[in-house]
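I set out to look up a few features of this structure and to note each one in turn. The entries follow the order in which I consulted them.

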Amino acid sequence: HFFAHCFFYRCCFVRSRPSRQMITVAYPDGSRYEGELSEGRKHGQGKFIWPDGSSYSGMWANDKPHGRGMKTLKVEGRRGELKEEEYDGEWLNGVKNGKGRQKYTNLAVYDGDWRDDRRHGLGELTTQDMRVLYGTWEADKFTGPALPEFADFRREHPSYDADAMVTLRMKEFGRLCKANSDVYLDYTGAGLYTERTQLLGFTGLLLGNVLGNTHSINSTSERTSYLVEKAREAVRSYFNAPKEEYEVVFTLNATNALKLVGESYPFHGGELVYLLDNHNSVGALREYATKASTPAKVTVVDVHPPELRARQDEVIGMLCTPPPPTGGRRLFAFPAQSNFTGVQHPLEWIAVAKSHGWDVLLDAAAFVPTNILDLALS
């Protein structure tokens, strides 16, 4: 058998079927094919090697990878070094289709479904630092966990950008993406810090500045004071809190903040009302109220099954009572969301209480991680 082809300059033939031969073909550009041919085309089992050392070994059909095969691609790095990218899986008419495993030059690995050279279907991506992303993919983008509930969520919320959320997760919360990492849900107890925006950002702030005590008068102190005031304004802006009505005080935690309230609030001759499902630290205010020079009246509003909510008429009725004859101040404390039951109490209580002369202490620690709190509307 002889083949006339402008790219062939050396052919070796071995025993073969009449229409398909196992041969070695060398090309003028330095590439080489070793395998089966059919009617002059790569067809069947074979290996093609490019001049730069890249290769494909597997099944062919009509000169294209088709079926099971492995392609190793040599890629030049930023510094001129050669790196390898490898795909081992199924092919259809020269592109990745079906099941396959891709090793990237950055050492990340994707193992799963492919369509038209893109990750599409069910798959798992393991990054170079062992972060794992498992779920469904569409046109090379991660669309979410492989859960029926998430599929229902996507149908109900088509504008949800899963790819953007994945990018945020891997950029700012990469420690949650690592293999065998924790699943963190306790945002009521403490929110997770972001790795780049907060951790690296704050480290950069400290490394790039000399900060002094705010109580001194010098350039380093002024710089610190500026940053503190900037943080206060950011908090006011986030909660839409009017400056003439709200002051921002930074404390160690909610317990410490409530301790400051207990120590400074004028309870003498006044009244304290709080809900039973308030945080324990709110309940501790009664110690300050009852030990005032003229002990304040303390009332605890009960919650009732099955949802463990306070009765609306009971709360409103209590807030509408006339002030004490002593003329003392009155403080109403309640959680926007209960730490114990998850129940969200009506924020409308704030306006009702204020209209009847009450000061309001709102425990928003469990509420704000997943809800918008607009203090201008309260």
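Before reading any strand partners, I noted the term: two strands count as paired if DSSP finds at least two bridges between them.

Entry on confidence. I recorded that this is a predicted model. I found a mean pLDDT of 87 for the protein, with 93% of its residues at 70 or more. I then looked up residues 1-18, where the pLDDT is below 50; this stretch has 29 contacts in the model beyond near neighbours in sequence. I kept a caution here: where pLDDT is low, the predicted coordinates should not be read in detail.

Entry on the sheet. I looked up an open sheet of four strands and read its order as E14-E13-E15-E16, with parallel pairing. Strand E14 (297-301) and strand E16 (359-363) stand at the edges; each has a single partner strand, so one side of each is left without a neighbour in the sheet. I noted that neighbouring strands of this sheet are turned by 15 degrees against each other on average, direction ignored. I then turned to one pair, strand E13 (residues 271-275) and E14, and found five bridges in the parallel sense. Within this pair, I traced Glu271 to its bridge partner in E14, Lys297.

Entry on two helices. I examined helix H8 (residues 312-319) and helix H9 (residues 348-355), whose axes come within 9 Å and cross at roughly 25 degrees. Angles under 35 degrees count as roughly parallel, and H8 is therefore roughly parallel to H9. From H8, I listed Gln312, Val315, Ile316 and Leu319, which meet Trp349, Val352 and Ala353 in H9. I sorted the residues of this contact into six nonpolar, one polar and no charged.

Entry on the loop between E14 and H8. I located Pro306 in this loop. I found that a cis peptide bond joins Pro305 and Pro306, with omega about 5 degrees. Leu308 also lies in the loop between E14 and H8. I read its phi as near 60 degrees, a positive value in a residue other than glycine. Is Leu308 buried, exposed or partly exposed? I found Leu308 to be partly exposed, with a relative accessible area of 34%.

Entry on a further backbone angle. I looked up Asp116 in the loop between strand E9 (109-115) and strand E10 (118-126). The phi of Asp116 is near 50 degrees, which is positive in a residue other than glycine. I noted the background for these entries: most residues other than glycine have a negative phi, and most peptide bonds are trans.

Key
Residues numbered from 1 in each chain as written. Predicted model: local features only at pLDDT ≥ 70, side-chain atom pairs only at ≥ 80, totals over all residues. Heavy atoms only, no water. Axes fitted to C-alpha atoms, helices over the stretch in contact; angles between N-to-C directions. Parallel < 35°, antiparallel > 145°, perpendicular 65-115°, else oblique. Contact = heavy atoms within 4.5 Å. Nonpolar A, V, L, I, M, F, W, Y, C, P; charged D, E, K, R; others polar. pLDDT = per-residue confidence, 0-100. Buried < 20%, exposed > 50% of the residue type's maximum accessible area, 1.4 Å probe, protein only.
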